[in-house]
Amino acid sequence: MDWQGQKVVEQLMQILLVISGVVAVVVGYATESFRTMMLIYAGGVVLATLVTVPNWPFYNRHPLEWLDPSEAEKHAKPQVVAKKRFSKK
């Protein structure tokens with residue numbers, strides 16, 4: 001999954017959970033049933049899970065270009081610079 005796909009997944013998850021929560025509260029209030037409210041919300045969570053967890057093809061529309069390993073060997077590796085510690089006098 002690419003970065004754009006992760007952004008879409010996050011937005012879809014939030015939208016689906018908010019909509020299912022609102023619908024669950026309204027229907028639960030109208031029917032005066034806590035069980036109905038929880039079942040509707042649980043259905044929304046399952047739907048959001050099925051839409052967002054699998055790596056669907058439309059989440060991979062912007063693949064990343066990785067550097068070829070042979071090209072990586074040609075370039076110098078970054079060096080770690082040690083920090084100087086000051087002693088207390």
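Buried residues have under 20% relative accessible area, exposed ones over 50%, and partly exposed ones lie in between (1.4 Å probe, protein chains only). The model is predicted: local features need pLDDT of at least 70 and side-chain atom pairs count only at pLDDT 80 or more, while totals for chains, interfaces and linings use all residues. Residues are numbered from 1 along each chain as its sequence is written, and side-chain values use heavy atoms, with hydrogens and water left out.

**Exercise 1.** Determine where confidence is lowest and where it is highest in the chain.

*Solution.* pLDDT is the predictor's confidence in each residue, from 0 to 100. The chain average is 86, and 96% of the residues score at least 70. The lowest mean, 74, belongs to helix α3 (residues 69-74), and the highest, 96, to helix α2 (residues 34-52).

**Exercise 2.** State which residues of α1 are buried and which element they pack against.

*Solution.* Helix α1 covers residues 3-31 and reaches 42 Å from its first C-alpha to its last, close to the 42 Å expected at 1.5 Å a residue. Its buried residues are G5, V9, S20, G21, A24 and G28. These residues pack against α2. After α1 comes E32, with a positive phi near 55°.

**Exercise 3.** Describe the surroundings of T52.

*Solution.* T52 lies in helix α2 and is buried, at a relative accessible area of 11%. Its side chain reaches the backbone oxygen of A48 at 2.6 Å. Contact means heavy atoms within 4.5 Å; leaving aside neighbours within four places in sequence, T52 is in contact with V9, L12, M13 and Y59.

Note on methods
Helix = DSSP H or I, 4+ residues; strand = E, 2+ residues; numbered from the N terminus. Expected span 1.5 Å × (residues − 1). Polar contact = N/O pair within 3.5 Å; in protein donor to acceptor, adjacent residues only side chain to side chain.
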